[in-house]
Amino acid sequence: MLSAVLALGMCLLGWRQADQADRITANPVRVQGTVIQLPGGSATYSEVGYTAEGRRLTAADLALPSGARVGGAVCLEHAADDPSAVRVCGNRYPQPLGITLARTSVPVALLCLGLCLVRILRHRRAHPAAAARPRVGTGAVFAAEGMPALTHGKRSRRRRGGRRALR
């Protein structure tokens, strides 16, 4: 189940990146951006500020050129209909890392999902009686303890407190 969720999430991430790239390519507008922050470790991202349609915007985690420095100018392209869809000039995707991550993790997640489904089917074929047996739900019994609406107004008879004194 987790592999299916991971595959779906990575597909959506890749689809979003491809959609932004297509919108920028269809109608690009070039602007000059200023590097605000460079990645300085595993927890930080690059950040570039730019002005589009009279608004000051920022873009995070762009693939900056190798010689970029804080305060330096960077050429950016944004979509004419959506100034927040931005990439560095000359790049295909806004965040190439997201595309690379999607390209590698989606096949791995789908492979894991396939292996899990095969194991489930083999288990059901090997144990057909266990699959046909009805399951008993006990979650409501544990949740109902101490709840007046479900226990007809009677409290639990269990003692609250410490151990009984020895007689």
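The following questions and answers go through a predicted model of one protein chain.

This is a predicted model in which local features need pLDDT of at least 70 and side-chain atom pairs count only at pLDDT 80 or more, while totals for chains, interfaces and linings use all residues. Residues are numbered from 1 along each chain as its sequence is written, and side-chain values use heavy atoms, with hydrogens and water left out.

Me: What is the order of the strands in the open sheet?
Reply: Two strands pair if DSSP finds at least two bridges between them. β1 and β4 run antiparallel and are joined by seven bridges, β1 and β2 (residues 47-52) by four, and β4 and β5 by three. The open sheet of five strands, with antiparallel pairing, has the order β3-β2-β1-β4-β5.

Me: Which strands stand at the edges of the sheet?
Reply: The order of the open sheet is β3-β2-β1-β4-β5. Two of its strands have a single partner strand each, so one side of each is left without a neighbour in the sheet. These edge strands are β3 (55-60) and β5.

Me: By what angle are neighbouring strands of this sheet turned against each other on average?
Reply: Axes are lines fitted to C-alpha atoms, for helices over the stretch in contact, and angles run from 0 to 180 degrees between N-to-C directions. For neighbouring strands of this sheet, direction is ignored, and the average is 40°.

Me: Which residue of β5 stands opposite Leu76?
Reply: β4 is joined to β5 by a hairpin through six residues. Towards β5, Glu77 has Arg87 as its bridge partner, and the residue opposite Leu76 is Val88.

Me: How many residues of β4 are buried?
Reply: Buried means under 20% relative accessible area, exposed over 50%, and partly exposed in between (1.4 Å probe, protein chains only). In the protein chain, 25% of the 167 residues count as buried. β4 is largely enclosed by the rest of the structure, because its buried residues number five of seven.

Me: Which residues does Val88 contact, leaving aside its neighbours within four places in sequence?
Reply: Contact means heavy atoms within 4.5 Å. Val88 is one of the core residues that touch the most other members. Its contacts are Leu62, Ala63, Leu64, Pro65, Val74, Cys75 and Leu76.

Me: Which cysteines does the disulfide join?
Reply: A disulfide is a pair of cysteine sulfur atoms within 2.5 Å, and the structure holds one. The S to S distance is 2.1 Å, and the two residues are Cys75 and Cys89.

Me: Why is the disulfide left-handed?
Reply: The handedness goes with the torsion about the S-S bond of Cys75 and Cys89. The disulfide is left-handed because this torsion is about -60°.

Me: Is Cys89 buried or exposed?
Reply: Cys75 has a relative accessible area of 25% and is partly exposed, and Cys116, at 39%, is also partly exposed. Cys89 has 19% relative accessibility, and therefore counts as buried.

Me: Which residues does Gln37 touch, not counting those up to four places away in sequence?
Reply: Gln37 is in strand β1 (residues 28-37) and, at 29% relative accessibility, is partly exposed. The residues it touches are Thr44, Tyr45, Ser46, Glu47 and Val70.

Conventions. A nonpolar core is a set of buried Ala, Val, Leu, Ile, Met, Phe, Trp, Tyr and Cys residues joined through side-chain atoms within 4.5 Å.
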